[in-house]
Amino acid sequence: MNNKSKNFFKGIKDTSPLMIPVVPFGIIFGVLAIDLGLTPLTTIAMSVIIFGGASQIIFLQLFSAGASSFVILSSVGAVNSRHLLYGTVLSEHLSDLNLTWKIIVSYFLVDQAFAVSNNHFKKNKKDKDKYFHLIGGGLNCWTIWQITTIIGIYLGSIIPEKLGLTFAIPLTFLALLVNDFRKFINVIVIIVSGSVATLGYQIIPYKAYVIVAAFVGLFVAFILTKFVKKKL
Amino acid sequence: MSNLALIIYCGLITFLTRFSMIALLKKEMFNDRIREVLSYVPSAIFPAIIFPAIFLNNSGFIQLDDNPKILASIIAMIIGVFSKNVLATIFSGLFSYWTIIFIF
């Protein structure tokens, strides 16, 4: 096995444990999309074109609430701003790649692949084929995501609406925050952002409450981190 | 804008946030301060989706009485904080919700 394949398969292996929570996430997405009236084809197109769980679910949430295209786009952009951080962290390891590979690697830069490849890159700084680790991990996520989307589409047409599965949307995002409930600044930011969104839902025009609340939350984080030493 | 066009634009935005730093960044363009604030992005944006979905009713008004989502979310949060497990959080919330609406 050459070095590229070795990295590639290592990426698949390393991301595999992280795929367990992706399975229900993908299924929930497929079920909700069908529940909210999207066609199966549109649903699959979303998973292939966007390929990002949080972006896709916030898209559904705002789309079903009748938000404008601009608000949906800017909210998706805001959810995705964490990728800027990933790119920043990884860029030093990927700066030698040509443009085509940078494009390919970027498409696969999802949370789980970032988490494991960042560690792998740090440990294998000199290996010039190390980026195949990220492609393997990303492709693993991609495959699981598409399969579970399709399972969700199928289940969405048989699960009764009475179950209120749209409640899975806030629960999914809640689950992504569990590590932050133990940190003081995060808890304040969470409460501020949540309150602004809830109280502003009727008042803030164009359903822009997500963006407005996120910026207020970040501003609070900006202020608080200035005064409170972060415990590491 | 058609649904497909909107999806393509959302895909482009998602891609560009992943691509821009890898493509453009010369190391250390972001200082530690910006990085620190950016690390709060999830805490700043996810509650804006979570809270309204729990506290608002279908007409968009705040509903605190007779709202099973509140108790179910609190249970999910407690399970989540102690288990640190994504699945346990989602399913404890869903099962509490179903228990409240179907049994009580």
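Chain B splits into domain 1 (1-39) and domain 2 (40-104), with bounds that come from an automatic or database domain assignment. This is a predicted model, in which local features need pLDDT of at least 70, side-chain atom pairs count only at pLDDT 80 or more, and totals for chains, interfaces and linings use all residues. Residues are numbered from 1 along each chain as its sequence is written, while chains are lettered from A and ligands numbered from 1 in the order in which they are written. Here is a tour, starting with chain B and moving on to chain A and the contact between them.

**Chain B**

- The C-alpha centres of domain 1 of chain B and domain 2 of chain B are 29 Å apart.
- Chain B contains five helices and zero strands; helices (H or I, at least four residues) and strands (E, at least two) are DSSP runs, numbered from the N terminus.
- From the N terminus on, the elements of chain B read α-α-α-α-α.
- Chain B has a radius of gyration of 19 Å, well over the 13 Å that the globule rule gives for 104 residues, so chain B is more spread out than a compact globule. The radius is taken over C-alpha atoms, and the rule is 2.2 Å times the number of residues to the power 0.38.
- A box of roughly 60 × 40 × 25 Å, taken along the principal axes, is filled by the C-alpha atoms of chain B.
- Of the 104 residues in chain B, 39% are buried. A residue is buried if 20 or more other C-beta atoms lie within 10 Å of its own, exposed if 12 or fewer, and partly exposed in between, with C-beta atoms placed from the backbone.
- Among contacts in chain B with a separation of 6 or more, 30% are between residues 24 or more positions apart. Two residues are in contact if their C-beta atoms, placed from the backbone, lie within 7 Å.

**Chain A overall**

- Chain A has 11 helices and zero strands.
- For 232 residues, a compact globule would have a radius of gyration near 17 Å, and the 19 Å of chain A agrees with that.
- The C-alpha atoms of chain A fill a box of roughly 55 × 50 × 30 Å along the principal axes.
- Buried residues account for 47% of the 232 residues in chain A.
- In chain A, 77% of the contacts between residues at least 6 apart in sequence join residues at least 24 apart.
- The mean pLDDT of chain A is 89, and 98% of its residues reach 70 or more; pLDDT is the predictor's confidence in each residue, from 0 to 100.
- Among the elements of chain A, α3(A) has the highest mean pLDDT (96) and α9(A) the lowest (84).

**The two domains of chain A**

- Chain A is divided into domain 1 (3-165) and domain 2 (177-232), and their C-alpha centres lie 24 Å apart.
- Eight residues of domain 1 of chain A touch six residues of domain 2 of chain A.
- Helix α5 (residues 69-94) of chain A gives the largest share of the domain 1 side, four residues.
- That side of domain 1 has five nonpolar, three polar and no charged residues. Here Ala, Val, Leu, Ile, Met, Phe, Trp, Tyr, Cys and Pro count as nonpolar, Asp, Glu, Lys and Arg as charged, and the others, Gly among them, as polar.
- Ser68(A) sits in the loop between α4 (53-64) and α5 of chain A, and counts as partly exposed because it has 14 C-beta neighbours inside 10 Å.
- The C-alpha atoms of Ser68(A) and Tyr206(A) are 6.6 Å apart, although 138 residues separate the two along the chain.

**Where the chains meet**

- The contact between the chains takes 74 residues from chain A and 60 residues from chain B.
- On the chain A side, α5(A) gives the most, with 19 residues.
- The chain A side divides into 44 nonpolar, 24 polar and six charged residues.
- Helix α9(A) is mostly covered, with nine of its nine residues buried; among them are Pro170(A) and Phe173(A).
- The buried residues of α9(A) pack against α2 (22-35) and α4 of chain A, together with α3, α4 (68-83) and α5 (86-102) of chain B.

**The largest nonpolar core**

- This core has 93 residues, of which Ile45(B), Ala48(B) and Ile49(B) touch the most other members. A nonpolar core is a set of buried Ala, Val, Leu, Ile, Met, Phe, Trp, Tyr and Cys residues joined through C-beta atoms within 7 Å.
- Helix α3 (residues 41-55) of chain B gives the largest share of this core, 11 residues.
- Leaving aside neighbours within four places in sequence, Ala48(B) has contacts that include Gly194(A), Ala197(A) and Tyr209(A).
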